[in-house]
Every structure is written in C-alpha cells, then in structure tokens.
Amino acid sequence: MVWSVIQNFKTGLKYRGGWWNLVVHMYTNGDYPFKVGTYMGCDGAGNRYYENRIDYPFGQHRWVEPGDINNFDSSSIAPEWHGWMVSQNDVPPQSFEDFVEAKAPHIINTSPSDAPAEYNFPVGHQEKMFNFHHMHNQSQVRSRGYNIGNPIVGLPPGAPDAYYTQPGSPYNPASRKKLEFIGELSGGRKYKSQKWADRLRTPEEKAAIAAAEEENVKKEMEKFAKLKSQRLVAARADRGGTIAGDEE
C-alpha cells in the first residue's frame with residue numbers, strides 16, 4: 001500500500017508539473033491530482049475532460065478538471081459535455097460535428113427553406129450559445145442587490161440579469177412601467193396615483209378633505225331638496241290638486 005501511495009505521488013508530481021501544482025489541485029479537486037487518464041477534450045471555459053476505463057470502476061472513469069478551480073460547481077460543465085460525463089453516450093462532443101459534417105452531404109433535404117443551409121440543414125435551426133464568464137447556468141448571472149452587481153461571478157453594477165423571466169413578471173424589464181407622477185402635494189410630495197397621494201397626506205390634511213367632502217354632500221342634498229320642491233310646485237300648477245307623497 002505504501003509503495004502504491006509513493007507511486008501515485010510520483011505520477012502526480014510528473015503529471016501536475018511540480019509540488020506547487022500538485023498541492024493546489026489536492027486542495028481544490030480532492031483525489032483528482034492522482035487520477036491519470038486520456039485527455040478527451042476541452043470546452044470554452046477551459047474545463048478539461050479525461051477518461052480512464054482501465055484503472056477506475058464505472059462511474060469514476062470520467063472526470064473533469066475545471067478551468068477555474070476557485071469558482072466551479074457542477075453547473076459549470078458545458079451542456080454538450082454533460083451527456084458524456086454521465087455516460088449517456090461514449091462519443092465526445094467534438095466527434096458530433098465530424099459526424100454531422102460527414103453525413104450532411106448524403107441527407108436529402110425534404111424541407112426546402114430560404115434560411116441559410118448551415119442553420120437549417122440537416123439538423124434544423126440552432127441558436128448560437130451566448131454565456132457570461134462561461135457560466136452555463138444563467139440563473140446564477142443575477143445581481144445580488146440594487147446597483148451592486150454580483151462580485152461573486154464578476155457581474156458589474158447595472159448589468160442586466162441573464163435568467164429567463166415570464167412576460168408580465170416584475171423582474172422582466174419589458175414589463176416595468178416608467179414612473180410617471182400625476183400630481184404634487186405641498187412640500188414637493190409627488191404622487192403617481194390617488195392611493196399614493198392618500199398615503200402621503202398628514203392627518204390634518206385628511207381631516208380637511210373629509211370636512212370638505214361632507215360640506216359638498218350637504219350642498220348636494222340641499223340642491224336636491226330645492227329641485228324636488230320646484231318639481232312639486234310645477235306639478236301642482238300643471239294638474240291641480242295634490243300629489244301622492246306630498247304631505248301638504
């Protein structure tokens with residue numbers, strides 16, 4: 001057992017290029033510094049993918065060494081490499097492009113289109129992938145507070161969040177209405193609705209408004225009583241006699 005540990009350290013030192021890199025990988029990647037395998041490829045974030053089917057059991061025979069060892073989690077694995085990592089397929093992603101390129105000339109296009117061939121044939125339309133700092137999980141690209149950005153992922157202040165929001169959601173910038181004021185109270189207290197204005201008023205102002213409304217109601221009642229009296233007088237003059245409901 002001691003001899004195997006010594007051999008693992010010797011291999012790790014050679015594979016990592018010295019003690020410092022070995023210690024750094026031991027601290028960040030656990031047992032990966034001592035795993036040796038065949039280099040299978042790399043993604044846009046610098047993550048390197050390896051495989052060793054001889055020395056390790058199934059489930060441990062494939063692993064990734066992150067390009068950014070200080071800011072890495074499982075969502076940092078590129079989507080095109082995920083299927084290979086979990087053994088859904090045995091072909092690394094770069095072989096897919098070679099396969100499609102080799103088979104494309106032999107596929108009959110049964111759906112003619114005016115779209116450019118590289119986007120529409122033979123595998124259909126494909127959106128170009130855009131990411132921020134090679135973060136494939138876009139829900140992580142979000143501000144941690146108003147106008148402070150996200151220093152964890154390097155998102156600058158004022159930058160838009162990348163995660164998807166439903167239309168109509170208050171988190172969707174297209175659904176946010178521009179702040180417009182419809183009036184202003186004394187002292188520069190602007191308001192955008194009558195409900196907001198009511199919240200800004202002092203108790204004295206509210207009492208004054210209530211008294212004014214009560215006075216208006218009183219005047220309306222007096223006006224209504226006067227109109228009623230005039231109608232009764234006109235009705236008597238027209239028909240003579242008394243009117244039902246008239247106490248006189």
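Rings of Phe, Tyr and Trp (for Trp, its six-membered ring) form a pair if their centres lie within 6.5 Å, and the pair is called stacked with planes under 30 degrees apart, edge-to-face with planes over 60 degrees apart, and tilted for the rest. The model is predicted, so that local features need pLDDT of at least 70 and side-chain atom pairs count only at pLDDT 80 or more, while totals for chains, interfaces and linings use all residues. Residues are numbered from 1 along each chain as its sequence is written, and side-chain values use heavy atoms, with hydrogens and water left out.

**Exercise 1.** Find how many aromatic pairs the rule gives, and classify the pair of Tyr 49 and Trp 84.

*Solution.* The count comes to 7 aromatic pairs. For Tyr 49 and Trp 84, the ring centres are 6.4 Å apart and the planes stand at 90 degrees, so this pair is edge-to-face. Tyr 49 belongs to strand β2 (residues 48–51) and Trp 84 to helix α3 (residues 79–85), so the pair ties together parts that are 35 residues apart in sequence; helices (H or I, at least four residues) and strands (E, at least two) are DSSP runs, numbered from the N terminus.

**Exercise 2.** Decide whether Tyr 49 and Trp 84 are buried or exposed.

*Solution.* Buried means under 20% relative accessible area, exposed over 50%, and partly exposed in between (1.4 Å probe, protein chains only). Tyr 49, at 0% relative accessibility, counts as buried, and Trp 84, at 0%, counts as buried too.

**Exercise 3.** Classify the aromatic pair of Phe 181 and Trp 196.

*Solution.* With 6.2 Å centre to centre and 50 degrees between the planes, the pair is tilted. Phe 181 counts as partly exposed at 41% relative accessibility, and Trp 196 is partly exposed at 28%.
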